[in-house]
Amino acid sequence: MHVREHTVPVPLDWANPGESITVFARELVDPTRQDEDLPCLLFLQGGPGGKGPRPTGADGWIGQALKKYRVVLLDQRGTGRSTPVSGRRMASMSAEEGADYLACFRADSIVADAEHVRKTVFKGKRWSTLGQSYGGFLTLTYLSKAPEGLTACYVTGGLASIDPSAAEVYRRTYPRVAAKNREFYRRYPHDVERVGRIADRLATDDVRLPDGDRLTVRRFQSLGIDFGMKPGYERIHWLVDEAFDGDELSDTFLGQALGLSSYLGNPLFAALQESIYGSGDGATAWAAEAERARHPEFAEDARPLLFTGEMMYPWMFAEIRGLRPFQGAVELLAQRPRWSELYDLERLAANDVPVAAAVYFDDMYVDAGLQLDTARRVGNVQAWVTNEYEHDGLGADRVFERLTELVAAIGGGVRDR
């Protein structure tokens, strides 16, 4: 791969330009074609709080895309090399300042950044997008705000509901997570006892992680976020397999548990998890926490112990060292009564940009029913529904190839129309 790096200044707040931040993008091209006038494919990473991939080779979907495109890997604002949002920065602000600051890192701002990069770095040429997970949410905002910049859109596991509601998302999520837990214990029945033994120890003893935080039962439960990925069951199984060194929890287990639950590498993922559903009137109001109260099977003393999924709870911002500087700000964000509108329903209904979306039927994170409702209501969307893949299906060779075939079959894709 031939690599070019771009660092572009943008306003922190596109609605009221003043303070500037920088946005970083990494451009990849087949080195034998670096002088050709190739179309661009912008990759919209999952998240929120997702930085672009750091490729180690021209393989996977990147290798496929390099056959036709210049691939643009954007570090979304606040991540990677795009003026990262850090705990140090958040600690320097009041709760009110922090909430206003974090509100500038949502989908509408990310799309405005992408458009600015397209116009200033890539000479205004239209490009295609590939949106993974939250990248699909960004795609729908892009189609709402600036469809004139797009030639085609590919989405994997991320057709968001265009009637955003955090409460509805989590109402649907908990039953799916419970089903993933049942499958985990069906696959590894002997882990029922071992997971319960870990939870009992955490409930009775003051167990400390390497950074000094206490490992609570609910923090241990949160590791189930991995169940939505193809090897997630296996990763959690091998984690608990080495949990004990004699009668004590092992250093191996505690070190891995810290790495999986610290959010030091992507604090925005936790801080903005529910704010991505804020659109128009209505507070998100800690929807995951409210819905959990309706599911006693997820209680800390229930057995078998059920792991939770992609849910963020208010206690995390008190118990997890890397998230504590965000606590005051996220409390205010959860109460915020009014948000910028993310989707233009009329514009989406009339959309003529070709969109091909992989809808993973058993997706733990993004409900397939909501995705298919969006596919019906957004113009020019082809939905490929499959249960062959989990949420990380883009890592399989077939997924990106299949989506490009769907768009090519209706005459859309690589070149400007």
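Predicted model: local features only at pLDDT ≥ 70, side-chain atom pairs only at ≥ 80, totals over all residues.
Visitor: What is a disulfide?

Guide: It is a covalent bond that links the sulfur atoms of two cysteines.

Visitor: How many disulfides does this structure have?

Guide: The count comes to zero. Cysteine 40 takes part in no disulfide, and the nearest cysteine sulfur, that of cysteine 153, lies 14 Å away. A disulfide would require the two sulfur atoms to be within 2.5 Å.

Visitor: Is cysteine 40 buried or exposed?

Guide: A residue counts as buried when its relative accessible area is under 20%. Cysteine 40 has 9% relative accessibility and is therefore buried. Cysteine 104, with a relative accessible area of 10%, is buried as well.

Visitor: In what order do the strands of the open sheet lie?

Guide: A sheet is read from strand to paired strand. Here eight strands form an open sheet with mixed pairing, in the order E1-E2-E4-E3-E5-E6-E11-E12. Strand E1 (2-11) and strand E12 (381-386) are the edge strands, each pairing on one side only. From one strand to the next, the twist averages 20 degrees.

Visitor: How many bridges join strand E11 to E12?

Guide: Six bridges connect E11 (residues 355-360) with E12, and the two strands run parallel. Within this pair, valine 355 stands opposite valine 381 of E12.

Visitor: Which strands does helix H16 touch?

Guide: Helix H16 (residues 368-377) packs on the sheet and touches E11 and E12, its direction making about 160 degrees with that of E11.

Visitor: Which strands does helix H17 lie across?

Guide: Helix H17 (residues 397-409) lies across strand E3 (40-44), strand E5 (127-132), strand E6 (150-156), E11 and E12. Helix H17 runs at about 140 degrees to E6.

Note on methods
Residues numbered from 1 in each chain as written. Heavy atoms only, no water. Buried < 20%, exposed > 50% of the residue type's maximum accessible area, 1.4 Å probe, protein only. Helix = DSSP H or I, 4+ residues; strand = E, 2+ residues; numbered from the N terminus. Axes fitted to C-alpha atoms, helices over the stretch in contact; angles between N-to-C directions. Contact = heavy atoms within 4.5 Å.
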